[in-house]
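Please examine the sequence and the three-dimensional structure shown below.

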Amino acid sequence: MKNRHFLFSDTLLFLVLSLCILREASAACHVDDEAGLLAFKSGITYDPSGILNSWKQGTDCCSWSGITCLNNNRVTAISVYGQPDKSNGYLSGTISPSLVKIQHLDGIYLQNLRNITGKFPDLLFGLPELKYVYIENNKLSGQIPENLGKLKKLEALSFAGNQFSGPIPSSISELTQLSQLKLGNNLLSGTVPAGVGQLKNLTFLSLEFNRLSGRIPDIWSALTDLRILRLSHNKFSGNIPSSISSLAPKLGYLELGHNGLTGQIPDFLGRFQSLDTLDLSGNKLTGVVPKTFANLTKIFNLDLSYNCLVDPFPVMNVKGIESLHLSNNKFHLNTIPAWVTSSPIIFSLKLANCGIKMNLSQWRPKETYFYDYIDLSGNEISGSPVWLLNSTDYLVGFWAARNKLKFDMGKLRIVSTLKHLDLSKNLVYGKLPGAVSGLDSLNVSYNHLCGKIPAAKFPASAYVGNDCLCGPPLAPCKA
């Protein structure tokens with residue numbers, strides 16, 4: 001009887017241990033997944049903030065930071081993020097080709113790691129379940145391979161913020177499941193492949209800050225789900241293509257700024273009633289702004305600056321503009337538009353060289369508290385900005401050179417956020433407040449200022465042409 005009791009106890013102990021071992025085995029990630037991840041870590045030569053500290057051999061890789069496991073504890077996603085706000089929040093190294101061992105991967109997110117180098121990661125072609133690739137803000141270089149179209153399951157592809165050069169592969173037309181394509185902030189050249197127009201599921205297309213050239217292709221008719229189109233800061237020429245009108249029902253962001261576009265702004269842009277942001281700045285557009293812009297009632301950000309546009313500027317029916325940039329066209333606005341003055345949410349107003357003739361002391365905008373940027377340079381504005389600047393708490397830049405402003409500089413409150421101040425070529429008098437020393441840039445030249453210049457880093461050109469400013473970097477003050 002005693003032996004039978006011991007036999008039962010031993011059997012029970014064996015079963016308990018077996019269950020624990022099985023449970024531990026089922027909870028641990030697959031050996032191939034662990035090997036692929038450790039190979040990735042071995043390709044990292046510097047990890048100053050310990051982003052991969054939890055990646056330790058012999059521990060369950062499903063519990064490692066940034067690792068997602070599904071499908072019987074197989075690794076399905078790698079999410080490794082740098083910290084742009086921290087100087088040491090990055091990784092240096094290369095992407096190990098051994099990541100191909102992780103055959104159940106459907107998502108790779110390597111974002112803001114900053115110092116990941118190497119060519120296009122060909123291992124992507126060996127991952128049969130891959131749907132999402134976000135390898136952003138690193139230093140990958142070379143060309144994007146022509147056989148990119150083989151990644152037919154991809155629903156999102158982003159290599160934004162790298163150093164890829166050469167053309168966008170024409171085979172991109174085969175990635176018909178894509179909803180997001182982000183290749184901005186690289187060194188890509190050539191034209192936009194016509195096949196992009198076959199990607200009917202696209203909601204987000206970003207190609208800005210490259211070296212793309214030629215005409216913007218007339219390929220947009222089928223992309224009716226597109227919400228964001230960013231082509232700014234390239235070398236595109238010619239007119240805005242007519243098929244962009246097909247995007248009107250849903251498009252929220254149309255950014256074509258800083259290219260070489262010519263012709264007139266098309267009337268059809270007034271049909272984009274979902275438009276949040278329109279950027280046509282820095283082109284060679286001519287003619288008038290269409291009256292149909294009155295229909296853009298939901299627009300928050302409008303930038304038409306640095307073109308050759310002429311009067312009249314249409315009356316807008318927008319209830320709350322956030323940023324308006326019309327500088328350096330051929331406008332004669334005479335005053336700041338009423339629909340701007342009435343906005344309760346505006347933070348950026350840039351109307352340099354817009355033919356404004358008004359007394360700033362009499363301007364009473366509905367909101368001043370949240371202003372970040374105000375540029376009124378090169379107009380005929382009189383009065384004082386003191387009340388305006390003294391009623392802001394977040395102002396970063398105020399530019400009002402070449403006007404007729406007349407006020408006591410000593411009464412100006414320099415808020416802690418202010419970094420840029422240009423009041424040159426006005427009628428400003430009084431003394432410089434000591435707080436100007438904390439600015440990043442200052443120009444008060446050609447006014448009527450007097451007194452000792454506060455200790456600062458600015459050159460003599462920031463102060464010349466005043467009545468009696470003295471002290472470094474100008475002549476010494478008289479005893």
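The sections below take up these topics in turn.

## Model and annotated region

The structure is a predicted model. The UniProt record, an unreviewed entry, places the feature "domain: Disease resistance R13L4/SHOC-2-like LRR" at residues 97-233. Over residues 97-233, the chain is 33% strand and 0% helix. The C-alpha atoms at the ends of this stretch lie 33 Å apart.

## Disulfide inventory

How many disulfides does a search of the whole structure find? The search finds four disulfides. When the bonded cysteines of the protein chain are numbered in sequence order, the pairing reads 1-2, 3-4, 5-6, 7-8. Three of these links are described below.

Cys29 is joined to Cys61 by a disulfide with an S to S distance of 1.8 Å. The link of Cys29 and Cys61 is right-handed, with 135° about the S-S bond. Cys29 is located in the loop between α1 (2-27) and α2 (31-42), and Cys61 in the loop between β1 (44-46) and β2 (67-70), so the pair ties together parts that are 32 residues apart in sequence. Both Cys29 and Cys61 are buried.

A further disulfide is formed by Cys62 and Cys69, whose sulfur atoms are 2.1 Å apart. Is the link of Cys62 and Cys69 left-handed or right-handed? The torsion about its S-S bond is about -95°, so this disulfide is left-handed. Cys62 has a relative accessible area of 18% and is buried; Cys69, with a relative accessible area of 17%, is buried.

## Cys450–Cys468

Cys450 and Cys468 are joined by a disulfide with an S to S distance of 1.5 Å. The torsion about the S-S bond of Cys450 and Cys468 is about 85°, so the link is right-handed. Cys450 belongs to strand β32 (residues 448-452) and Cys468 to strand β33 (residues 468-470); the pair therefore ties together parts that are 18 residues apart in sequence.

The accessibility of each partner can also be stated. Cys450 has a relative accessible area of 24% and is partly exposed. Cys468 is partly exposed, with a relative accessible area of 37%.

Cys308 is partly exposed, with a relative accessible area of 31%.

Cys354 is likewise in no disulfide, its nearest cysteine sulfur being that of Cys308, 13 Å away. Cys354 counts as buried, at 0% relative accessibility.

## Nonpolar core

The largest nonpolar core has 134 residues. Which residues have the most contacts inside this core? They are Ile78, Trp220, Met409 and Leu421. Elements that give two or more residues to the core include the strands β2, β3 (74-81), β5 (107-111) and β7 (132-136), together with the helices α2, α3 (338-341) and α4 (386-389).

Notes:
Residues numbered from 1 in each chain as written. Predicted model: local features only at pLDDT ≥ 70, side-chain atom pairs only at ≥ 80, totals over all residues. Heavy atoms only, no water. UniProt positions renumbered as here; feature names shortened; annotations may be inferred. Helix = DSSP H or I, 4+ residues; strand = E, 2+ residues; numbered from the N terminus. Disulfide = S-S within 2.5 Å. Buried < 20%, exposed > 50% of the residue type's maximum accessible area, 1.4 Å probe, protein only. Core = buried A, V, L, I, M, F, W, Y, C linked by side-chain atoms within 4.5 Å.
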